[in-house]
Amino acid sequence: MKLKKLEVLSKEEIETITSSALRILETIGIKIDDEKTRKRCEEKGAIIDGISSFVKFPENITKDLLKLVPDSFKLHGPDGSFNFEVNTKTTQFATIGTPVRIYDPKLEKNKLKKSVLADTIQQIRVVDSLENVNCSHIDVWPSDVKFTAVHAHCLYQWAKNTKKPYGLGCLGRLASQDMVNITSLIVGSEEDLIKRPRLVGFMNPTSPLQLPKLMTNGLEVFAKYKQPTIVAPEALAGTTAPVTLAGLLAQTCAEIIGGIILAQVFSPISPVFFGTVSCATDMRSGNSALGAIESSLITIAIAQIARYYNIPSRGPGGVTESKCFDVQNGFERFSTMSLAAQAGINYITCAGTYESSLAEALELLVIDDELVGLVRRAMEGINVNEDTIAIDVIKKVATSEQKGTNFLAESHTRKYMYKELYIPKLIDRGRRSTWKKKGSKDIIERARAKVDQVLADFQPYELTKDLDTQLLAIIKEIEARPIELYMNAEGISGGSVNITGTEISFEKS
Amino acid sequence: MSIKDKIKELIVEWETERLKEYCQSILKNNEATASSLLKIIGDIMKFVGNQFEEEEIFLPELIGSAETVKVVIDDILDPAIRAAGEEKETMGKVVIGTVESDVHSIGKDLVGSFLFSNGFEVYNLGVEVTADQFISKAEEIGADVIGLSSLLTMSMHFQKQVIDELKKRGLRNKYKVIVGGSPTSEDWGVQIGADGWADDAIETITLVKKLLNISE
């Protein structure tokens, strides 16, 4: 039988936590920085007081809006040939994180450098080659690109370097509308983009109970174009949320549900993930502790609560606070990934990262792909039937008159070996002499060899000359925008903006 | 129990109201001056800070003690020092805040508490602080240092904007500008023309002391 789902909450406890979350939304409300967005919530029955930024959602309104949330959706790569379904029953694996530095074995000193666009491209290419990791996101932050044009550069590289979908932060309405416009051009039309979503947005409420303007601005665009959005606060137990995990869960569920229903306010039936990246606080530094065991308890609970609402869940796996490739890096990344998968999280992210997702290593990315293979195998459990019990085969081998007979050459072994045994490519299980002959390499060195091979073999996907020219022109146009335009568009300095379709116009308030 | 021991007990237990009452009674009975009480509290907070550095206590204990002390200084000791016509001793004045478009506050608050515990006068402007707000406050209180925090790759660029604005107003050399936050680095600090970068609260103290030529 398959592995039973790991659970940390009883049915009654799920109901206690979710009803507390709804009570928080009804009595305290959630802080929505953008005034127009507050008004839109009011039109749907939420209560605003005109003084504070808190929006209170009566329980019946929240429940009605939650009914609009789809329980499954598909994600596609640029040309649509690669696609997969996200639902409440299966588990997909992806990247995500905000690495600003990347491991480079060629460097002499600490082997870590500031990441640049060339690294972003390599990360996209490596993900494209992987068997189990199905989606990359803006993970490796390109520091050599103007920050207000990062999304445009990344989408251009996405189109040229992968067949898989792509994720970007809903970082404002201007950038999000750019993302939609650029992706529509790449895939042929807005209609195609809406029908076959390519982008995963991530929208992070700020704990406690706040939906920042930049994020809600971006969420509005993602919802309008029906691109699935991960609503995932990073509530930290003891700093931005109660130190008690039950309290954190009640608060963070209010934050997640607040973001999810806001997406439905913007555009009904918007695909979303019931997401978490909440974790323990390291009480020595105040740092997030994604690899802590309590963080996995939170992830497991969120998987259960998302199932309760019948909404696909997202949680972190393969995460660690380790700054190097040590035992901590290994046990934290495997335990977080394995526990999230066993809990039934539907979209597990953060492959390839370490140091609280602030650093990236392509070596870890290919290792994670293999770890996903192990985890998937574990989730399949043990298949018990007459043929797998194989009494006839046991009898045949055990009673053979030939000495030293074994099961290796049995057709039963050949029939089942790939199903029953996951055969890893990077994990070393051979004899010491063989390992020595191959250069006594550790798993990081073996992973590096694989990365080098993938990058050497990679053939970029061709764009038509016309599309290439158009995309480069858009990047140039976005790069030329003054920062004031960005600030004005997002209302950072009191500005406002109207955006319709591919035409973007601005008005100063 | 000595005055110092009593104050220490109240600080580590976060007994804000009792500490206020105790300090008031000491001042009323002329057992000590407000300046000397401030000195005692400074020494205790240094001890608390050391305990944190040695990992004998953890963040909530440090921050809770610092908040207790801040209320007592603001409500009782500062007014008493002003009433006595005395000048408050300080290691330096620091304006800190999280830059525009960023609402993350914990790291910056920790830095603030640590600076405060080490004898600095700290003006914590909160989150989403504009360049103008940083500069106006620094000008108003005669700051020595401006500390800019950022947790987002998108917001760290606003650290540069504050520095650029200082240059535009001809005030760049008047203040030491320090930057920090998860996505930032020493290189980033150099790139945007900051005077220094620190990885955590403890490093910040060393950095600020170095920038202000204060011996350890």
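I count a residue as buried if 20 or more other C-beta atoms lie within 10 Å of its own, and as exposed if 12 or fewer do. I apply this to a predicted model.

**Helix α1 of chain A**

I began with the outward side. Which exposed residues does the face of α1(A) turned away from its buried side carry? I found Lys11(A), Glu12(A), Glu15(A) and Thr27(A) there.

I then listed the buried residues of α1(A): Ile17(A), Ala21(A), Leu22(A), Ile24(A) and Leu25(A). They cover an arc of only 150° around the axis, so I place them on the same side of α1(A).

Next I looked up what covers these buried residues. The cover includes β1 (30-32), α3 (59-66), α9 (245-266) and α10 (293-309) of chain A.

I checked the length of the helix as well. α1(A) has 18 residues, 11-28, and at 1.5 Å a residue these should span 26 Å. The C-alpha atoms at its ends are 25 Å apart, which agrees. After the helix comes Gly29(A), and I noted its positive phi, near 90°.

**Chain B, overall**

I counted 9 helices and 5 strands in chain B. Read from the N terminus, the order of elements is α-α-α-α-β-α-β-α-β-α-β-α-β-α.

Along the principal axes, I get a C-alpha trace of about 55 × 40 × 30 Å for chain B. Of its 216 residues, 49% are buried. I also looked at contacts in chain B between residues at least 6 apart in sequence: 72% of these join residues at least 24 apart.

**The sheet of chain B**

In what order do the 5 strands of the open sheet in chain B stand? I read β2-β1-β3-β4-β5, with parallel pairing. At the edges are β2 (121-124) and β5 (196-197) of chain B; each has a single partner strand, so one side of each is left without a neighbour in the sheet.

I followed the pairing of β5(B) to strand β4 of chain B, residues 176-180. These two strands pair in the parallel sense over 2 bridges. One bridge partner I wrote down is Gly196(B) in β5(B), which pairs with Ile178(B).

**Contact between the chains**

Last, I turned to where chain A meets chain B. How many residues does each chain give to the contact? Chain A gives 19 residues and chain B gives 18 residues.

Conventions: Residues numbered from 1 in each chain as written. Chains lettered and ligands numbered in written order. Predicted model: local features only at pLDDT ≥ 70, side-chain atom pairs only at ≥ 80, totals over all residues. Contact = placed C-beta atoms within 7 Å. Helix = DSSP H or I, 4+ residues; strand = E, 2+ residues; numbered from the N terminus. Expected span 1.5 Å × (residues − 1). Arc of directions from axis to C-beta. Pairing = 2+ DSSP bridges.
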